Amino acid sequence: MSCKLLVSASIAVIVGYCWLNYVKRGPVYKSDKELNGKTVLITGGNSGIGKALAMDLAKRGARVVIASRNLKKSNKVKDEIVKESGNHGVRAMELDLADFDSVRKFAKDFNESEKYLDYFVNNAGVTMEGMTKYGLNRIFVVNYFSRFLLINLLLDKMKKQSAERPVRIVNLISDMYKFTEVIQSEMTRDPKGIWECFYMYAQSDFANIQFTYDLHRKLEDEGITTYNFDPGVVFTGEYHSGISFYDQALFYVPMLLFAPNVHSGYQPLLHLLLDDSVVEHSGGIFKDFRHEELHPHATNKSAWEVLMRKSFQVTGLSSAIE
């Protein structure tokens, strides 16, 4: 073997090792904490980091409820989790976040059939074109308004148990919120193309962050803590809905090469659910394993009050969280 070939091979091995261990794989959260008797609700728990999280928590003994629009797919995932974990306390429930009636039905069924809710992970979200029957775009309804509605409908259950069984609520967002704010006129516009979808997604993130912070202010003394979690870009292999083939290729290839895999992607979320050190940062945002300070505009109370009134009007809820 020539010297040049040997050097090239050595460089390739080093680059491959670094790519695999520092790009595709990240730190692993290690904890032997068990969750026997605890109930976890994960929206969008039938794919991506939601599925990986559901599997991990089921192995720790938790009762895991997977909520998603595609019940057939969720039942297959449930069976897979039960088989691998040996935990039969896994349940699939239908929840279409683009339909407030579905959200209300889900909340009613959950409140009546589940005794507790200890961990609530709002993982489901979309970046796709389209409008809903409410005259609002799909991104805002799925990513924000339905989260707002669902949390409010389950809040009494969480409050009743929180003195003895603390509750953690986690909303998945992105750091795109830093570059925008909620513009109410945009909610009624159908975004076209991936860049407009990302812009709308950023606005829904901003709304979620304001909501999460407000929940923290109102619930911090009741044993309920709230967090925003930014998973960054995670390669799940499921970037196909609502965007063109060109846009898929534009983002799919770089993510395949440079984005961490699902196993790495859910590790910081696991840390956020299980680690005691995060409690002091309730209301804040976490990225990777780090707490980050919120941008000041995300805690603007007057802006939130305007959005809150709009949220109650859109979802049909009658009163604010006390």
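**Exercise 1. Sort the lining of the largest cavity by residue class, then find where the lining comes from.**

Welcome! You are working with a predicted model.

Step 1. Start with the classes: the lining of the largest cavity has 3 nonpolar, 4 polar and 2 charged residues.

Step 2. Now put names to them. Ala 124, Gly 125, Asn 143, Arg 147, Leu 172, Tyr 201, Ser 204, Asp 205 and Asn 208 line this cavity. Gly counts as polar here, so place Gly 125 in that class.

Step 3. Look for the helices behind the list. At least two lining residues come from each of α5 (138–162) and α6 (193–219). The top contributor is α6, with 4 residues.

Step 4. Finish with the space itself. The largest cavity holds about 40 Å³, and the count of cavities of 30 Å³ or more is 1.

**Exercise 2. Describe how helix α2 and helix α9 cross, and say which residues meet.**

Step 1. Two packed helices are described by the angle between their axes and the distance between the axes.

Step 2. Find both values. Helix α2 spans residues 48–59 and helix α9 spans residues 267–274; their axes come within 10 Å and cross at roughly 45 degrees.

Step 3. Name the arrangement. Angles under 35 degrees would count as roughly parallel, and 65 to 115 as roughly perpendicular. The pair α2 and α9 is therefore oblique.

Step 4. List the partners. From α2, Leu 53, Asp 56 and Leu 57 meet Leu 269, Leu 270 and Leu 273 of α9. Sorted by class, this contact has 5 nonpolar, no polar and 1 charged residues.

Terms used: Residues are numbered from 1 along each chain as its sequence is written. This is a predicted model: local features need pLDDT of at least 70, side-chain atom pairs count only at pLDDT 80 or more; totals for chains, interfaces and linings use all residues. Side-chain values use heavy atoms; hydrogens and water are left out. Axes are lines fitted to C-alpha atoms, for helices over the stretch in contact, and angles run from 0 to 180 degrees between N-to-C directions. Angles under 35 degrees count as roughly parallel, over 145 as roughly antiparallel, 65 to 115 as roughly perpendicular and the rest as oblique. Contact means heavy atoms within 4.5 Å. On a 1 Å grid over the protein atoms alone, a cavity is a set of points where a 1.4 Å probe fits but cannot get out, and a pocket is an open set with protein on both sides within 12 Å along at least five of seven lines; lining residues have an atom within 4 Å of a point. Grid points are joined across faces, edges and corners, and a volume is the space filled by probe spheres set on the points.
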